[in-house]
Amino acid sequence: MKVTSTEFLKSSFSENDWPIGSLPEIAFMGRSNVGKSSLINSLLGVKGLARTSSTPGRTQSLNFFLINRKFRFVDLPGFGYARVPKAIKSTWGEMVSSYLAKRSQLVLSIHIVDSRHEPTKLDLQLHEWLEHSVKPRLIVATKSDKLSNNELKESLGRAKRVFSKDRVITFSARTGSGRDEIWRTIESALADFNH
Ligand SMILES: Nc1nc2c(ncn2[C@@H]2O[C@H](COP(=O)(O)OP(=O)(O)OP(=O)(O)O)[C@@H](O)[C@H]2O)c(=O)[nH]1
Ligand SMILES: [Mg+2]
């Protein structure tokens with residue numbers, strides 16, 4: 001995909017605040033601090049478009065970006081920051097589950113996990129919602145630069161086991177490894193939507 005334009009559209013805190021119009025959307029979701037914003041910036045080749053920080057839980061709204069004036073990326077708030085499973089029922093749960101359940105133009109959900117760690121309870125909860133919504137989804141195991149090849153293989157196997165054999169792509173925002181493969185998945189989801 002050649003990225004010719006990127007534009008921050010808006011931050012939304014509630015449903016009646018989501019952008020109008022039926023452009024297809026690709027949503028990025030996962031644990032706080034896992035690297036959602038870094039993945040978006042890397043895919044778009046723009047530093048700092050999606051805010052990254054070392055302070056977990058910084059992204060607390062749905063952030064919409066317009067790409068090539070044709071589709072949108074949505075940076076969803078990270079979960080797990082509150083440290084307790086109750087976080088599922090809090091703002092994060094409401095914002096994310098209602099977006100996943102109601103947004104008809106959602107063409108691909110990208111669930112980002114840390115390749116170094118076991119998926120958390122909230123990762124499994126999110127995965128259940130995604131399975132339930134029966135829409136295309138992709139697991140991205142990020143921060144792969146922090147693992148050896150062997151460790152990475154193990155991590156990939158674990159992710160496939162835990163996430164019902166969903167497609168898993170390992171990625172590093174630092175080296176860009178995995179980036180092209182993720183783009184191919186996005187392109188095919190967009191092509192399906194336009195048919
Ligand atoms: N080594 C390495 N560090 C990464 C990678 N991706 C993200 N990071 C670092 O991890 C931290 C969190 O990254 P963000 O992209 O802000 O994570 P986020 O998921 O958007 O975080 P919240 O919005 O707060 O939930 C930052 O310090 C990044 O530099 C990666 O692939 N490799
Ligand atoms: Mg973020």
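Here is a short chat about how this predicted model is put together.

Colleague: I'm new to this one, so how many helices and strands does the protein have?
Modeller: Walk along the predicted model from the N terminus and the elements go β-β-α-β-β-α-β-α-β-α-β-α. Tally the letters and you get 5 helices and 7 strands.

Colleague: And what is the radius of gyration of the protein?
Modeller: The C-alpha trace spans about 45 × 40 × 35 Å along its principal axes. For 195 residues the globule rule gives 16 Å, and the protein comes close to that, so it is as compact as a globular protein of that length. The radius of gyration itself is 15 Å.

Colleague: Which strands stand at the edges of the sheet?
Modeller: The sheet is open, its pairing is mixed, and its order reads S1-S3-S4-S2-S5-S6-S7. An edge strand has a single partner, so one side of it is left without a neighbour in the sheet. From one strand to the next the twist averages 25°. The edge strands are S1 (6-12) and S7 (168-170).

Colleague: What about the helices: at what angle does H3 run to S5?
Modeller: Start with H1 (residues 36-44), which lies across S1, S2, S3, S4, S5 and S6 and runs at about 145° to S2. H3 (residues 121-133) lies across S2, S5 and S6. Its angle to S5 is about 165°.

Colleague: Are H2 and H3 roughly parallel or roughly antiparallel?
Modeller: Two packed helices are described by the angle between their axes and the distance between the axes. The axes of H2 (residues 91-102) and H3 come within 10 Å and cross at roughly 15°. Angles under 35 degrees count as roughly parallel. That makes H2 and H3 roughly parallel.

Colleague: How many nonpolar residues are in the contact of H2 with H3?
Modeller: This crossing is right-handed. H2 brings Ser97, Leu100 and Ala101, while H3 brings Trp129, Leu130 and Ser133. No charged residue takes part and 2 are polar, while the nonpolar ones number 4.

Methods. Residues numbered from 1 in each chain as written. Chains lettered and ligands numbered in written order. Predicted model: local features only at pLDDT ≥ 70, side-chain atom pairs only at ≥ 80, totals over all residues. Pairing = 2+ DSSP bridges. Helix = DSSP H or I, 4+ residues; strand = E, 2+ residues; numbered from the N terminus. Axes fitted to C-alpha atoms, helices over the stretch in contact; angles between N-to-C directions. Contact = placed C-beta atoms within 7 Å. Parallel < 35°, antiparallel > 145°, perpendicular 65-115°, else oblique. Left-handed = near helix turned anticlockwise from the far one by under 90°. Nonpolar A, V, L, I, M, F, W, Y, C, P; charged D, E, K, R; others polar. Rg over C-alpha atoms; globule rule 2.2 N^0.38 Å.
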